[in-house]
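Let's take a walk through a protein model together.

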Amino acid sequence: VLHVRVADLALSFEGPFLLARSQSVGKAARLPPPAVAVLSFCAEPRSRAEVVAQLGTPLAGLYDGLVEAGLLVPPDKVRHTAAFFHNFAGIEIHRRMLGDTARVAAYARAISATVKPGMAVLDAGTGTGLLALLAARAGARVVYAVDNSDLLPLADEVARASGLDGVVKTLRGDFAQVRLPEPVDVIITETFGAFALAEGSVPDLAACVAHNLKPGGKVVPNGVVLRIAPVEGRDLWQETQAAFEDRLGLLFGPLRQAASARGRVTDVPADALAAPPATLARLQYPSADAPSGQVEFAFQAQEWCGFAAWFDVLLDDELMLGTGPDAPPTHWRQVFLPVPPQPAPSGALRVSMRLEPSADDRRSLDVIASWPGGGARWRVR
Ligand SMILES: C[S@@+](CC[C@H](N)C(=O)[O-])C[C@H]1O[C@@H](n2cnc3c(N)ncnc32)[C@H](O)[C@@H]1O
């Protein structure tokens with residue numbers, strides 16, 4: 001049985017004790033200081049046996065106590081939601097998104113083509129308010145701008161500064177749970193993470209649509225296409241491992257191993273693809289399905305070292321926002337999924353792939369792949 005520490009654990013000193021508390025689970029406990037070792041070790045899901053092996057039997061007693069106190073929980077009970085929204089309260093992430101001119105221009109065009117004067121609109125995950133403001137400028141009667149991050153007051157100020165605060169109504173909360181005072185004509189959203197799905201918001205959007213969209217209403221975007229291609233040679237693998245080379249007499253093998261189990265957000269040059277890209281899945285947005293499928297590649301290279309993964313956003317029937325190596329650059333870049341360099345297969349390479357929310361953090365994505373003679377699992381976030 002595995003347990004992991006709650007996502008929003010806060011520690012402080014109270015005399016000789018540690019006070020550990022979590023708002024999300026509404027629990028607190030006074031602990032002896034060595035408990036910090038257990039809490040640190042249990043940043044990843046761990047069993048009692050692993051605690052005994054790594055930290056010794058006395059600390060396993062503290063592990064039991066923390067489980068009993070509700071501060072170590074089964075991986076499927078943890079929600080990294082607090083940390084997720086905290087991330088979006090920062091300014092840097094919005095600097096990247098607003099500075100992504102391909103993204104902003106494509107959404108601006110799709111919104112002005114879809115939103116008609118007098119419509120009611122919901123912007124699910126408004127962030128700085130960008131999409132809500134574009135909908136207001138397109139003539140919406142009212143735009144409900146929903147977000148659960150602390151940035152929302154700034155979105156309010158931007159609406160006021162732009163003279164659109166009479167139209168844009170910000171609402172703090174989770175858009176999966178919001179019930180608006182009226183059903184809307186259009187729901188707009190940009191809640192894509194790495195390889196589209198890493199923000200984990202697709203099920204939230206499906207719930208939001210079910211509760212708030214008029215029958216016959218529209219969702220922008222209306223689809224996402226997940227694309228994948230093998231990467232040739234060994235350069236990208238070596239570059240991905242290079243930061244963790246042994247040095248100064250220190251052995252960083254465990255970090256190299258960890259890095260090979262993570263998707264790396266980076267620019268994959270178009271000429272590094274060992275085969276033309278294949279389509280893993282076409283999602284009709286808002287689909288709550290975890291996509292899976294088979295892709296097949298006809299190789300043009302001798303050696304390969306992993307996969308490049310990206311997505312195309314179908315904003316409406318005519319407009320596509322591509323994020324692949326051939327498209328104008330976006331802040332999403334691509335995701336490199338590393339595999340130790342190996343000779344190209346003779347004939348085609350057939351790969352089965354599954355994408356699912358990580359068991360201990362639904363705002364992370366696990367990509368699981370297998371091919372004849374090999375397989376891998378990567379965490380993408
Ligand atoms: C990728 S950002 C996009 C922000 C803005 N729409 C834009 O285009 O610049 C996604 C935003 O959605 C918010 N978000 C994601 N899931 C949410 C949920 N379930 N409820 C409320 N807000 C959510 C995040 O806090 C973040 O501000």
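The chain has 11 helices and 20 strands; both are DSSP runs numbered from the N terminus, with at least four residues (H or I) for a helix and at least two (E) for a strand. Keep in mind that this is a predicted model, where local features need pLDDT of at least 70, side-chain atom pairs count only at pLDDT 80 or more, and totals for chains, interfaces and linings use all residues. Residues are numbered from 1 along each chain as its sequence is written, and side-chain values use heavy atoms, leaving out hydrogens and water.

How much of the chain is buried? Of its 381 residues, 49% count as buried, which means under 20% relative accessible area with a 1.4 Å probe, counting protein chains only. The C-alpha trace spans about 65 × 65 × 35 Å along its principal axes.

Now zoom in on the aromatic rings. The structure holds nine aromatic pairs; rings of Phe, Tyr and Trp (its six-membered ring) pair if their centres lie within 6.5 Å, and planes under 30 degrees apart count as stacked, over 60 as edge-to-face and the rest as tilted. Take Phe307 and Trp378: their ring centres are 6.1 Å apart and their planes sit at 80°, so this pair is edge-to-face. Phe307 belongs to strand 15 (residues 303-314) and Trp378 to strand 20 (residues 374-380), so the pair ties together parts 71 residues apart in sequence.

Are these two buried or exposed? Phe307 is buried at 0% relative accessibility, and Trp378 is buried too, at 1%. Both belong to one aromatic cluster, along with Phe297, Phe299, Trp304 and Trp371.

Notes
Buried means under 20% relative accessible area, exposed over 50%, partly exposed in between (1.4 Å probe, protein chains only).
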